[in-house]
Amino acid sequence: MRRRNLSRVMHAVATQGTLSRAAVASHIGLTRAAVSTLVDELIRAGLLEELGPERPGRVGRPGSALAVSARGPAGIGAEVGVDHLAVCAVDLRGEVRARTVRRVGNRGRAPEPVLADLASLVREVAREAAQEGLRPAGLAVAVPGLVARDTHTVVRAPNLDWHDADLGALLPSELPLTVDNEANFGALAELWLGGTAPADFLHVSAEIGIGAALVVDGRLLRGSRGFAGELGHVPVWPEGPECTCGGRGCLEQYAGEEAVLRAAGLAPGADQVGVLAERAAAGDAQVRAALRGAGTALGIALTGAVNLLDPRAVVLGGALSRLAPWLLPSLEGELGHRITGPSCGVVVSGVGSDGPLLGAAHAVVRAVLDDPVGVAQGS
């Protein structure tokens, strides 16, 4: 019960920004005396801090305003992309305090050198965060592939050409480690940070590949093995081109970044999504035709998912969020005449391409808020 109540206090202050002890007691339904004891323990652990008396104008003696500490534990989030590595540190207030990105081609590279590079970036970010009084509470890594549930093993990542890679054996062992699919972390970022998604939504994101994650009643639907959401390998046209997964006509072959670039007559390169957006905005007919085709393919694939799962909304994240103005007309057209029930709204992510990285870091932060005792005992 004590652990649960400490967590309730942390979540109340983290959600509201600043609160007095009396306000915390009102929010969570405990006595002021009980809350004061819990708050004192969290202050001693360095998880909360007192900011001084509240602003005047309230009736009675002013209380001392509480806030989540800007020092102490931090969540380290990392992302392995096909063409980049990224790491960031997020404090308990949800602020990014350190970040680094390295552009590097990871397709076909073995897991060992890729993760050695990632570990170097993690240490770099941890050193920078330490200069601001932060210490890593855990590391969460987003990867573009299938991750076996409750493990650190990437069973298959077609766009990296990885199979059965145990990331736990290749990353710093001193930090609690979480490994998950990038689409899952992107959906969690949308849930926690996006501000536009309901509690039930289907999150779809695209970079080189296309991933999806279903959130039901504020929680991820992972599937029995943790493999739910592989929308990119749903066949759109079964006799279409061969895919890296071994199938044919998968959605990625029509709406993945490389497929759209080919249709637009552009070569792969750094920030080509930005180039697509610029050319589409300037009226480039070939680029707009490529994006219409991608939107049509997305609409066909999403029709099956929406008819089967009945989400309240579809959220477009990652590169899709930057290209939404030119994808949405054909995408929504397909959904409009194929969905059997009421129309399903399509909204653009409030987080965008940062979703997987931020979702990973915030997953560590939320684990601290959920179990502040464990963090304090581990410090």
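This is a predicted model: local features need pLDDT of at least 70, side-chain atom pairs count only at pLDDT 80 or more; totals for chains, interfaces and linings use all residues.
Residues are numbered from 1 along each chain as its sequence is written. Local features need pLDDT of at least 70, side-chain atom pairs count only at pLDDT 80 or more, totals for chains, interfaces and linings use all residues, and side-chain values use heavy atoms, with hydrogens and water left out.

**Exercise 1. Determine how helix α1 packs against helix α2.**

Step 1. Helices (H or I, at least four residues) and strands (E, at least two) are DSSP runs, numbered from the N terminus. Axes are lines fitted to C-alpha atoms, for helices over the stretch in contact, and angles run from 0 to 180 degrees between N-to-C directions.

Step 2. Helix α1 (residues 2-16) meets helix α2 (residues 21-28) at an angle of about 110°, and their axes are 10 Å apart. α1 is therefore roughly perpendicular to α2 (the class for 65 to 115 degrees).

Step 3. In this contact (heavy atoms within 4.5 Å), α1 contributes Arg8, Val9, Ala12, Val13 and Gln16, while α2 contributes Val24, His27 and Ile28.

**Exercise 2. Identify the strands that pair with β7 and state how far β7 is buried.**

Step 1. Two strands pair if DSSP finds at least two bridges between them. Strand β4 (residues 72-80) runs parallel to β7 and is joined to it by 8 bridges; here Gly77 has Ala140 as its bridge partner.

Step 2. Strand β11 (residues 177-181) also pairs with β7 in the parallel sense, over 5 bridges. In β11, Val179 stands opposite Val141.

**Exercise 3. Describe the surroundings of Ser69.**

Step 1. Ser69 lies in the loop between β3 (64-68) and β4. Its relative accessibility is 6%, so Ser69 counts as buried.

Step 2. The side chain of Ser69 reaches the backbone oxygen of Arg71 at 3.0 Å.

Step 3. Leaving aside residues up to four places away in sequence, Ser69 touches Gly46, Leu47, Leu48, Glu49, Leu92 and Arg93.

Technical notes
Angles under 35 degrees count as roughly parallel, over 145 as roughly antiparallel, 65 to 115 as roughly perpendicular and the rest as oblique. Buried means under 20% relative accessible area, exposed over 50%, partly exposed in between (1.4 Å probe, protein chains only). A polar contact is a pair of N or O atoms within 3.5 Å; within protein, one must be able to donate a hydrogen and the other to accept it, and residues adjacent in sequence count only if both atoms are side-chain atoms.
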